[in-house]
Amino acid sequence: SCARRTWSRPKIPAPRSCCWRTSIYPEDHPLNHSATDRNSLMTVSEGYFRAMGIRLHSGRFFSAGDALTDPSAIPAVVSQSAATRYWGTQDPIGTYARLAEPASLRFRVIGIAADVTNDALGNPTVPEIYVPAYATRVESMRFVVRSGRPLESLLPDVRRAIRTVDPELPVVELCEVADLRQVAQHERQQV
């Protein structure tokens, strides 16, 4: 099972399901009921897709220069299911949309990522939008580290890296992907 670690700062609330929920409103498209359907909003770093093994369907993933390219919108990568839901057969690369409501945060689609299992084993994929972590304020964050080293030998380096960013940040839970899969399979069998 996952190793639970706590420090003095109180636990920060995280979403109770797969993700933060949001709505997507593509510009130059009529508003439709799909805009309010469940979507996942993920704030990620440049290396997230590589670490998670998520394939690029078209366009590109984030790069260090993205913060400087378009001051009117943040870059975003959408999942294949989100691209199909909101843009249909149109290629969304280079188009603009808004999050949460028609007049809110504006983003520009730079890439389309392959769909991933992001809710629970056996549940349909929730359409996903990925935005760079520097562009939004988040109340909690999860780090993904890909390594061939055993978890026990990796923990000191992970803690050290997190403390260089913020010595007060709590490290609440550390676990291997295999443990997460096992928990998800067990929960699915209990239903």
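Analyst: Below we go through some strands and their pairing. This is a predicted model, where local features need pLDDT of at least 70, side-chain atom pairs count only at pLDDT 80 or more, and totals for chains, interfaces and linings use all residues. Residues are numbered from 1 along each chain as its sequence is written, and side-chain values use heavy atoms, leaving out hydrogens and water.

User: Which residues of strand 7 are on the covered face, and which on the uncovered one?

Analyst: Strand 7 spans residues 96–99. Ala97 and Leu99 make up the covered face, Tyr96 and Arg98 the uncovered one. Strands here are DSSP runs (E, at least two residues), numbered from the N terminus.

User: Why two faces?

Analyst: In a regular strand, side chains alternate between the two faces of the sheet.

User: What does strand 3 do with strand 7?

Analyst: Strand 3, residues 24–26, pairs with strand 7 in the antiparallel sense over three bridges. Two strands pair if DSSP finds at least two bridges between them. Pro26 is opposite Ala97.

User: And strand 8, how many bridges join it to strand 7?

Analyst: Three, and the two strands run antiparallel. Ala97 faces Phe107 there, while Arg98 has Arg106 as its bridge partner.

User: Switching topic. Is strand 8 mostly covered or uncovered?

Analyst: Mostly covered: seven of its eight residues are buried (under 20% relative accessible area, 1.4 Å probe, protein chains only).

User: In which sense does strand 6 pair with strand 8?

Analyst: Parallel, over six bridges. Ile74 stands opposite Phe107.

User: What about strand 5 and strand 8?

Analyst: Those pair antiparallel over three bridges. Leu56 sits opposite Ala113.

Note on methods: Buried < 20%, exposed > 50% of the residue type's maximum accessible area, 1.4 Å probe, protein only. Helix = DSSP H or I, 4+ residues; strand = E, 2+ residues; numbered from the N terminus.
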